[in-house]
Amino acid sequence: MTLLDLTRRTLMASAAALALGLGAAPVAAQTPANVLIVGQIAEPKALDPAAVTAVNDFRILMNVFDGLVRYKDGTLEVEPALATEWTISEDGTVYTFTLREGVRFHDGAPFDAAAVKFNFDRMLDETHPYHDTGPFPLAFFFSAVESVEAVDDRTVQFTLNAPYAPFLSNLAYPTGLLVSPLSVETHGADVGRNPAGTGPFRFVEWRSNEAVVVEANADYWDGAPALEAVVFRPITDANTRTAEMLAGGIDLMVEVPPVALSEFAGDGFTVHEQAGPHVWFLILNAKEGPFADKRVRQAANYAINKEALVNDVLEGTAEVAAGPTPPAFAWAYNEALEPYPYDPDKARALLAEAGAEGAELTFYVTEGGSGMLDPVAMGTAIQADLTAVGLNVRIETYEWNTFLGEVNPGLEGKADMAEMAWMTNDPDTLPFLALRTEAWPDKGGFNSGYYSNPEVDRLLEAARVATDQDERARLYKEMQAIVQEDAPWVFVANWKQNAVTNDRVGNFALQPSFFLLLDEVVKN
Amino acid sequence: MGSYILTRLLSAIPVLLGLSVIVFLIMAMIPGDPATAILGSYATPENVAKLNRDLGLDKPLVQRYFIWLGNMLQGDFGRSFSLNRPVLDEVAERFGATLVLAGTAFVICSALGVAAGVVSAARQYGAADKAITFAVLLGISIPSFFLGMMMILIFAVNLRLFPVSGMWPIYGARDAAALLRHLTLPALALSVVATGVIARLARSAMLEVLRQDFVRTARAKGVHERGVIWRHALRAAMVSIIPVLGIQAGFVLSGAVYIEIVFQWPGVGRMLVDAILKRDILLVQGGVVLVAACYVMFNIAVDVAQSLLDPRIRT
């Protein structure tokens with residue numbers, strides 16, 4: 001026998017073994033009915049609503065926990081949840097909630113006023129025995145809360161140190177979801193891996209880097225969900241997530257990359273879209289350099305072709321933004337505002353008027369980051385548009401956390417413009433933190449471009465303490481008109497979040513809050 | 001032999017200490033702190049300072065290093081704040097997954113690579129040699145993550161022969177067959193480049209040996225050609241092949257990072273990438289130190305194996 005014979009035989013043997021292995025492997029099993037498999041973008045940090053900050057974690061939490069209030073289906077308006085009603089004192093500082101009867105946490109503990117007090121004290125009171133189960137990075141959402149008192153079993157009273165209009169909306173945010181006190185006492189810092197809430201689904205298991213499994217809570221106060229169970233799978237790579245969706249390994253996929261949308265155009269899949277409270281903008285350095293002149297800031301707004309950005313770069317996954325407040329806040333949005341049109345001639349004229357032709361600009365661009373969409377491609381397109389009207393733009397690109405470390409302390413002495421995006425739950429948050437004079441970086445805010453207009457400051461302060469929604473709406477609308485005219489930012493896009501479901505899934509709709517609510521969903 | 005192993009083990013201590021200093025300093029100097037990463041849009045200086053205090057990151061650098069080192073020597077690697085669980089648990093679990101993947105890929109590339117190299121050398125300039133050389137060149141030139149994506153498209157999405165991603169089925173038994181099904185594509189994708197490299201080196205090592213006198217003597221004594229190649233020549237060639245295998249084991253281990261991301265394999269490489277992006281300092285530091293310790297141990301094992309084959313190395 002020669003060497004070649006042997007090799008050939010070995011090869012054939014191994015080929016046969018391989019074929020046998022393939023034959024023995026059944027085709028990827030079909031996922032069971034009534035069990036929804038969700039493709040998530042990352043492994044959750046924890047299933048403790050007080051301890052997490054990421055939308056990815058919120059998508060699970062909103063199905064396991066409830067808060068005192070929640071957003072009405074399809075809106076960003078607050079409606080009762082675990083509280084059936086509430087009253088607000090005349091001066092806007094005392095909120096009294098009546099709690100729903102007969103609700104129990106998944107671990108059997110009763111839901112009562114003491115449980116509500118426990119949740120907020122744990123987060124806010126540094127002397128609370130379970131405060132060390134944190135840290136609680138978003139506790140400042142409730143920094144206005146001075147005390148929480150259980151008046152009786154079914155009544156809980158929040159006293160604020162000053163009127164704070166976004167309070168109810170913050171209670172509807174995941175940071176306000178209520179955890180079983182018993183689960184915290186039993187598991188301590190590990191409560192995030194052993195969650196117990198009151199929501200439509202109860203936690204079953206968490207297999208690290210594989211899946212979080214929740215099952216239907218038959219006793220849910222708002223009606224048991226149609227699904228038997230939901231499995232959340234973390235699939236960080238967007239291409240792999242797309243492949244899993246195509247192969248039937250998952251039934252629902254969130255955050256579909258724009259370039260992959262065409263894969264799901266055919267039968268068998270449904271693409272869902274929903275505009276949310278998101279705004280993508282450019283911070284302009286209004287303190288120094290060319291953008292200290294309002295005309296140059298307006299010129300930038302005219303020069304950038306936002307239609308092309310949302311249609312070509314973002315493949316229609318966003319809409320052109322008109323001002324600082326996203327339209328998803330329907331009640332507070334100024335419908336009268338039109339986006340700056342794409343008008344390079346007008347931009348050139350304004351630049352000539354301001355004597356800023358050929359100005360050198362430094363532009364901070366990020367490589368990625370929460371809500372930043374496709375920041376490198378967008379940055380490049382924006383650079384091209386600005387170059388076309390005679391500005392010299394130099395891009396500096398940073399990884400997201402490095403980028404935040406550069407931008408948040410302020411652009412002074414470093415850059416003229418920077419990309420930024422925000423997703424918020426109340427029309428107060430972004431302008432209050434990023435447009436007031438009191439929010440300059442040295443005062444602890446996010447006004448990294450040093451915009452300052454006393455009238456805007458006054459309107460925002462007044463809107464924050466007004467508890468009447470119509471009055472707040474009027475103040476916000478006035479603020480938007482002034483800010484649009486002053487152009488401290490280039491208003492670029494409002495993102496429409498998207499998701500894909502396969503044809504086995506029904507009754508699914510995305511929410512403007514960006515939360516994923518699955519209690520109505522069915523799967524065949 | 002015992003003292004040789006002991007010397008090699010002792011020499012690993014300064015390596016690991018130095019490494020701990022380097023990884024600690026890199027994580028301290030890298031722009032963007034964990035509090036900013038956690039808070040995202042809400043990272044006001046005030047919030048960042050408070051969270052850094054809660055995370056124990058407000059102490060001086062040197063003090064933080066010695067606290068970390070001291071805890072580590074007692075077996076306490078701290079708690080990952082991005083995953084909210086002990087670093088050691090997470091790394092142990094994820095490293096197991098990586099070893100399964102990289103180990104399988106290593107077995108594939110060693111066996112295939114050496115076999116291809118030997119066949120190539122034995123048939124120098126023959127058809128088999130040319131075919132293998134071509135295949136090897138192709139394999140070395142394709143980036144593994146691209147190959148991985150193509151394999152997913154063809155074998156998982158279109159043919160549906162294998163699952164797209166993950167290590168275990170979401171439903172059904174977690175047995176060897178299930179693991180094998182999930183392992184096949186990533187292990188193959190990971191082994192391709194290393195197979196090529198090993199095959200090339202094995203071929204030249206074999207050619208070198210086949211020219212030597214003892215091979216001619218063996219042939220003259222009437223030893224069967226198969227025996228000459230596989231028993232006499234290969235054994236001699238292994239002395240120069242084994243160090244290459246050791247180096248390739250390192251490449252397979254580090255190459256696993258890409259494959260783990262493409263196939264969503266729950267391994268330590270993907271863990272480290274996520275941890276770096278989230279600035280999860282303790283997880284990065286602990287993960288790197290533990291992985292490096294394993295790598296150093298593996299290298300010592302390779303050296304020992306080589307010294308068994310060739311006693312001259314021990315001195």
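## Chain B at a glance

Two residues are in contact here if their C-beta atoms, placed from the backbone, lie within 7 Å. Keep in mind that this is a predicted model, where local features need pLDDT of at least 70, side-chain atom pairs count only at pLDDT 80 or more, and totals for chains, interfaces and linings use all residues. Residues are numbered from 1 along each chain as its sequence is written, while chains are lettered from A and ligands numbered from 1 in the order in which they are written.

Chain B has twelve helices and two strands, and along the sequence they run α-α-α-α-β-β-α-α-α-α-α-α-α-α. Helices (H or I, at least four residues) and strands (E, at least two) are DSSP runs, numbered from the N terminus. The C-alpha atoms of chain B fill a box of roughly 85 × 55 × 35 Å along the principal axes. Of its 315 residues, 42% count as buried, meaning that 20 or more other C-beta atoms lie within 10 Å of a residue's own; 12 or fewer make it exposed, and anything in between is partly exposed, with C-beta atoms placed from the backbone.

## Where the two chains meet

How many residues does each chain bring to the contact? Chain B gives 52 residues and chain A gives 50 residues. On the chain B side, the elements supplying at least two residues each include helix 5 (87-122), helix 8 (176-210) and helix 10 (225-262). That side of chain B divides into 31 nonpolar, twelve polar and nine charged residues. Nonpolar covers Ala, Val, Leu, Ile, Met, Phe, Trp, Tyr, Cys and Pro; charged covers Asp, Glu, Lys and Arg; the others, Gly among them, are polar.

## Two domains in chain A

Chain A is assigned domain 1 (3-257 + 506-523) and domain 2 (278-497), with bounds from an automatic or database domain assignment. Their centres, taken over C-alpha atoms, are 32 Å apart. Domain 1 puts 16 residues into the contact between them and domain 2 puts in 15 residues. The domain 1 side is made up of eleven nonpolar, four polar and one charged.

## Two residues with positive phi

A:N34 isn't a glycine, yet its phi is positive, about 65 degrees. You'll find A:N34 in the loop between helix 1 (3-24) and strand 1 (35-40) of chain A. A:N34 is partly exposed, because 14 other C-beta atoms lie within 10 Å.

A:F514 is also not a glycine and has a positive phi of about 70 degrees. A:F514 sits in the loop between strand 19 (505-506) and strand 20 (522-523) of chain A. Is A:F514 buried or exposed? A:F514 counts as buried, because it has 21 C-beta neighbours inside 10 Å.
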